[in-house]
Amino acid sequence: MLFACDAGGNYLAFDYSNDKLNPSVVFIEHEELGIIEFPDGKSEHDFTKEELDRMMSSEKLEDYPWAIHCVANSFEEFIKILRFNNDKKYSNQTELFDEQRFEKYLKESESNIPKSVVKFIKKYGGLDIRSGDLELFNHDFLILFTINFNLMSDLDYYNFFEKLGGIEKYSKLTPLLYICYKKDVFDKSIVALINENDKHSIVIIPKKVLYNDKKLIEVEELIHVTDEVDLFIKKLITFFES
């Protein structure tokens, strides 16, 4: 039974499959609905066209178990883990931030990320921004989310960028913010840190670059914001906490 949705089009629901009187609370990732995950050792060649059509056309949630993630064993437990903070510009979701997943990223990253950025991501990763209208270094932003490191999040780094050309495409880039550039609600872009020749800068990955078919991103395709990374992060934190 669906009872809520997030800004990314995902759902929260009561799951009565194990207990008809005390349902658990689950998160349903909408992008995984209608996608087939074959059993180990199986591929599409092991099924007839009719079987594949039937699998893909199913409207039953139970046919997409990989899209359903348990959040809490009961509604009471779900209420206890909720966090409300109405005096800030964001909804605090840091309990959903997976630090181990982020540490894995740091080890794999080619960017040698500055300490100020690491601290920012650890504290503010996975935030749903309620009032993100600001200007920094002569660029207008409408911040929607901060990039998360959590498998359940629609904006988990690995999940999100695998769907936008693969992780390798963003090897020198560390995404920070999902924004509407110039406050255009139709222009979904990314604010990111880039390491180019051992020099860090803040850039914008425009929508047209995010959603193209190229295997690599050229520096010339990015919008330069500033080389003052620490100052950018400081101004961003000040905005969030004001």
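A nonpolar core is taken here as a set of buried Ala, Val, Leu, Ile, Met, Phe, Trp, Tyr and Cys residues joined through side-chain atoms within 4.5 Å, where buried means under 20% relative accessible area with a 1.4 Å probe, protein chains only. The model is predicted, with local features needing pLDDT of at least 70 and side-chain atom pairs counting only at pLDDT 80 or more, while totals for chains, interfaces and linings use all residues. Residues are numbered from 1 along each chain as its sequence is written, and side-chain values use heavy atoms, with hydrogens and water left out.

Of the 242 residues in the protein chain, 42% are buried. Contact means heavy atoms within 4.5 Å; among contacts between residues at least 6 apart in sequence, 56% join residues at least 24 apart.

The largest nonpolar core holds 52 residues, and I143, L173, I190 and I205 touch the most other members. Beyond its neighbours within four places in sequence, I190 contacts a set of residues including F160, F161, I179 and I205. A second, separate core has six residues, among them L12, F14, A72 and F78.

I179 itself lies in strand 9, residues 173–181, and is buried, with a relative accessible area of 0%. Although I179 and I190 are eleven residues apart along the chain, their C-alpha atoms are separated by 5.9 Å. Setting aside residues up to four places away in sequence, I179 also touches F141, L142, I143 and L144, among others.

Burial also extends to a loop residue. N150 sits between strand 8 (139–146) and helix 5 (157–162) and is buried at a relative accessible area of 13%. Apart from neighbours within four places in sequence, N150 is in contact with L96, F97, D98, R101 and D156.

Finally, a helix pair can be followed. The axes of helix 4 (residues 115–124) and helix 7 (residues 229–241) come within 9 Å and cross at roughly 25 degrees; axes are lines fitted to C-alpha atoms over the stretch in contact, and angles run from 0 to 180 degrees between N-to-C directions. The two helices are therefore roughly parallel to each other, a term for angles under 35 degrees. Residues making the contact include F120 and Y124 of helix 4 and I233 and F240 of helix 7.

Note on methods. Helices (H or I, at least four residues) and strands (E, at least two) are DSSP runs, numbered from the N terminus. Angles under 35 degrees count as roughly parallel, over 145 as roughly antiparallel, 65 to 115 as roughly perpendicular and the rest as oblique. Buried means under 20% relative accessible area, exposed over 50%, partly exposed in between (1.4 Å probe, protein chains only).
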